[in-house]
Amino acid sequence: MIPKTERLSADVLILGGGLAGCMGAVAAIKKGCTVILADKAWVGSSGESTFAAGDILYYDPEQDDMHEWLERWNKAGDSMFNPEWLEWYGKNVHELILMLDSWGMEFEKDAQGRFKRKPGRGHREAVVFPGYKMQKKLRGILEKLGVVIVDRVMITELLTSDGHVAGATGFNVRTGQFYVFEAKNTVLSTGACSFKGQYHGQDMVSGEGNDMALRVGAEFTNMEFANTYNATAKDFDICGMSRFQCLGGRFTNALGETFMHKYDPVQGEGAMLHILVRAMTQEVRAGRGPISFDLRGMSEEDKDLSRRMLPMFFEACASKGVDPFSEPVEWIPGFMGSTSCGAGL
């Protein structure tokens, strides 16, 4: 028999327990709000944050010049970015990283105790850490702070009152129990929509937040940028492309030729995704396919770092009998949906 409906209330209801949802819960409870965090899986191991490559773009006020930093991102984004927002991000991410570090998150550091920064697609300044470990530690922080965590509850509807969102309803995916959440403020951090995309860790990113928001009249912006591709192994889903591209990975065609500098003379192997995928398809169309990704040129330090940061990628490789550091791997475009653009909300 299905238990009777459980009703919970709080000042702030956060839907989605990835990195964004968890940090939103921290911010709200530090402001004195009562907070409920609901997730359709288990907070600490669900969502894309667990499968991410473990990078956070980090502006270091002691090493970086803000003007130069903004100019570089302006160029990388074809002048289609908001400099005020990015400046706000740069100044605030410094404090965020220091806070996460004080909580014991396992950032890579040099011998002097400074954060190591590694290059990724379009940048040179990402701090690195094991994302799957961070999520579990964040759950512990939330519990200590008093956030009410509700696991394995699939939210299906946003509740409204007088034209305003007043909470949500859902059900436990294992027991079938129904839930009603009442809240003064509801935050959607349910991710984008990349369901069944070939990129690792996205089979749960099914766009339900977008759907619920649309049904209560939310407006979306920038959705013209919300259909994106990455690149992945032909035989299994992967993660970590941004790091691999910029730490010695090379794309080769069937003739064994590297080709990315033909399509992006400046970034080369580290080209942005739309250029990378177009280059791959044009090489195949010209009869020079299939495409392979060759990681043998990575340094031993970066190989070791990658193994520690991305164990799930190497487990996937091992399941196919592949060692990506000893042989090229056949590579294809991988659909990402709206994952990399914030979904438009």
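Modeller: First, the naming: helices (H or I, at least four residues) and strands (E, at least two) are DSSP runs, numbered from the N terminus. Residues are counted from 1 along each chain as its sequence is written, and side-chain values use heavy atoms, with hydrogens and water left out. The model is a predicted one, so local features need pLDDT of at least 70 and side-chain atom pairs count only at pLDDT 80 or more, while totals for chains, interfaces and linings use all residues.

Let's begin with the core. A nonpolar core here is a set of buried Ala, Val, Leu, Ile, Met, Phe, Trp, Tyr and Cys residues joined through side-chain atoms within 4.5 Å; buried is under 20% relative accessible area, exposed is over 50% and partly exposed is in between (1.4 Å probe, protein chains only). The largest nonpolar core has 34 residues, and W69, I97, L100 and F107 have the most contacts inside it. Two or more residues each come from β1 (6–15), α1 (19–30), β2 (35–38), β3 (55–57), α3, α4 and α5 (131–145). The top contributor is α1, with six residues. Another core lies apart from this one: it has 33 residues, including M260, L273, F313 and W331.

Now zoom in on I97. If you skip its neighbours within four places in sequence, I97 is in contact (heavy atoms within 4.5 Å) with I56, Y58, F107, F115 and V127.

Next come the helix pairs. Two packed helices are described by the angle between their axes and the distance between the axes. Axes are lines fitted to C-alpha atoms, for helices over the stretch in contact, with angles from 0 to 180 degrees between N-to-C directions. Angles under 35 degrees count as roughly parallel, over 145 as roughly antiparallel, 65 to 115 as roughly perpendicular and the rest as oblique. A crossing is left-handed if the near helix is turned anticlockwise from the far one by less than a right angle, and right-handed if clockwise.

Take α1 and α5: their axes are 10 Å apart and the helices pack at an angle of about 25°, so α1 and α5 are roughly parallel to each other. Their crossing is left-handed. On the α1 side, the contact is made by L19, C22, M23, A25, V26 and I29, and on the α5 side by M134, Q135, L138, L142 and L145. By class, that contact has 10 nonpolar, one polar and no charged residues (Ala, Val, Leu, Ile, Met, Phe, Trp, Tyr, Cys and Pro count as nonpolar, Asp, Glu, Lys and Arg as charged, and the others, Gly among them, as polar).

Then there's α3 (residues 66–76) with α4 (residues 83–102): their axes come within 11 Å and cross at roughly 125°. That makes α3 oblique to α4. This crossing of α3 and α4 is right-handed. M66, W69, L70 and W73 of α3 meet P83, L86, E87, Y89, G90 and K91 of α4. Those contact residues split into seven nonpolar, one polar and two charged.

Just after α11, G321 takes a positive phi of about 70°.

On to the loops. S46 sits between β2 and α2 (48–51) and, at 8% relative accessibility, counts as buried. S46 and L19 are 27 residues apart in sequence, with 9.9 Å between their C-alpha atoms. Leaving out residues up to four places away, S46 touches D39 and A41.

G249, in the loop between α7 and β11 (250–252), is buried too, at 2% relative accessibility. Beyond four places in sequence, G249 touches F244, E269, F293, D294, L295 and M298.

R152, in the loop between β6 (148–150) and β7 (153–161), has a positive phi of about 55° although it is not a glycine; R152 is partly exposed, at 25% relative accessible area. D162, between β7 and β8 (164–172), also has a positive phi, near 55°, and is exposed at 75%. Finally, the peptide bond from G289 to P290 is cis, with omega near 5°, and P290 is in the loop between α9 (273–285) and β12 (291–294).
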